[in-house]
Amino acid sequence: MCHFILIFLMALRGENRYLELREAADYDPFLLFGANLKRELAGEPVYRRALRCLDMLSLPGQFTFTADRPQLHCAAFLIAEPEEFITIHYDLVSIDCQGGDFLKVFDGWILKGEKFPSSQDHPLATAERYIDFCDSGLSRRSIRSSQNVAMIFFRVHEPGNGFTFTIKTDPNIFPCNAISQTPSGRFTLVVPHLRRNCSFSIIYPVVIKISDLTLGHLNGLQLKKPSAGCGGIGDFVELLGGPGLDPSKMMPLADLCYSFHGPAQMKIGCDNTVVRMVSSGKHMNRVTFEYRQLEPYELENPSGNSIQEICLSSV
């Protein structure tokens, strides 16, 4: 199920700057990842381009969709850096709500019924995560996401109709749920005395190395068994893997029940790997980890501390 999103991600890998320079002549809709490019654009005029019926955006800027024919099943995936919120501001909307058009923002990503963040990890009920322009109009002109990803769903029947919106990003001091833009990186997830669950998603088969875990109590790491787990401990980290987007539907691979100073390393050959922290609110919890995409030969010849068997069908 994550293969669809993976196509977007792989199309962008290593080609961002080249494609961006080329866009004036022949733009590619799948070009929009890269922190370096964001920094280069800082202070320059607002970045603008047309929005396609199926698109992915990772740069702040202004985007315009104009229907050239009835477009009935359209969606735009929005993603920022893990430490950022996304704000969507409607500049102009010309759609026919009475005629069946719609324009909706979803707080997170949703694909084939699977959501990120999952319903267990998001502060709002699923129905409340949708904001429908046809219900709220311009009274909700600006919409901010709860994490670094959001989606826009839209349907426009009449050629010439459409909408324009601007994307801005704001810093998130304590990012809780996030999807990585890149197949490798380093991240520290901190939950400061709050009762909530936080997931960091990497939509690649990866090797993940946990260098530090602080849970406010003692030490240890154990592989998950059917009857095992962290028992009554209210603060823990779990590693999840699977083919889909929703962490609540993934296979638990390992429980990290106590504080330790690593490294602890594991290869996970799933389409999607999630580091999920569950917090009771009694402690300041923190986990630091590095990750990189597995090479094809590593998937074919697993070795060391590796969990791949349950994911072979999705690799």
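**View 1. Ser142 sits in strand S10 of this predicted model.**
Let us start with Ser142, which is found in strand S10; helices (H or I, at least four residues) and strands (E, at least two) are DSSP runs, numbered from the N terminus. This is a predicted model, in which local features need pLDDT of at least 70 and side-chain atom pairs count only at pLDDT 80 or more, while totals for chains, interfaces and linings use all residues. Residues are numbered from 1 along each chain as its sequence is written, and side-chain values use heavy atoms, with hydrogens and water left out. Ser142 is partly exposed because its relative accessible area is 40% (buried means under 20%, exposed over 50%, partly exposed in between, with a 1.4 Å probe and protein chains only). Apart from its neighbours within four places in sequence, Ser142 is in contact (heavy atoms within 4.5 Å) with Thr87, Ile88 and His89. The side chains of Ser142 and His89 are joined by a polar contact of 2.6 Å; such a contact is a pair of N or O atoms within 3.5 Å, and within protein one must be able to donate a hydrogen and the other to accept it, with residues adjacent in sequence counting only if both atoms are side-chain atoms. Tyr90 is 52 residues from Ser142 in sequence, yet their C-alpha atoms are 6.5 Å apart in space.

**View 2**
Strands pair if DSSP finds at least two bridges between them. Three bridges join S5 to strand S10 (residues 142-144), and the two run antiparallel. Here His89 has Ser142 as its bridge partner in S10. S5 (residues 84-94) also runs antiparallel to strand S12 (residues 162-171), with 10 bridges between them. One of the residues to look for is Ile86, whose bridge partner in S12 is Thr169.

**View 2. Five strands form an open sheet.**
Follow the order S2-S4-S11-S6-S9, in which the pairing is mixed. S2 (54-57) and S9 (130-132) stand at the edges with a single partner strand each, so one side of each has no neighbour in the sheet. Within this sheet, S6 (residues 102-106) and S11 (residues 149-156) run antiparallel and share five bridges. Val105 has Ile152 as its bridge partner in S11.

Gln71 lies in strand S4 (residues 71-79). Is Gln71 buried or exposed? Gln71 is buried, with a relative accessible area of 12%. Its contacts beyond four places in sequence include Cys53 and Phe154. Cys53 is joined to Cys74 by a disulfide, S to S 2.1 Å (a pair of cysteine sulfur atoms within 2.5 Å). The pair links distant parts of the chain, with Cys53 in the loop between S1 (48-50) and S2, and Cys74 in S4, 21 residues apart. Both Cys53 and Cys74 are buried.

**View 3. Two further disulfides complete the three found in the whole structure.**
Cys97 is joined to Cys134, S to S 2.1 Å. Cys97 lies in the loop between S5 and S6 and Cys134 in helix H4 (residues 133-136), so this pair ties together parts that are 37 residues apart in sequence. Cys97 is partly exposed, at 28% relative accessible area. The sulfur atoms of Cys176 and Cys198 are 2.0 Å apart. Both Cys176 and Cys198 are buried.
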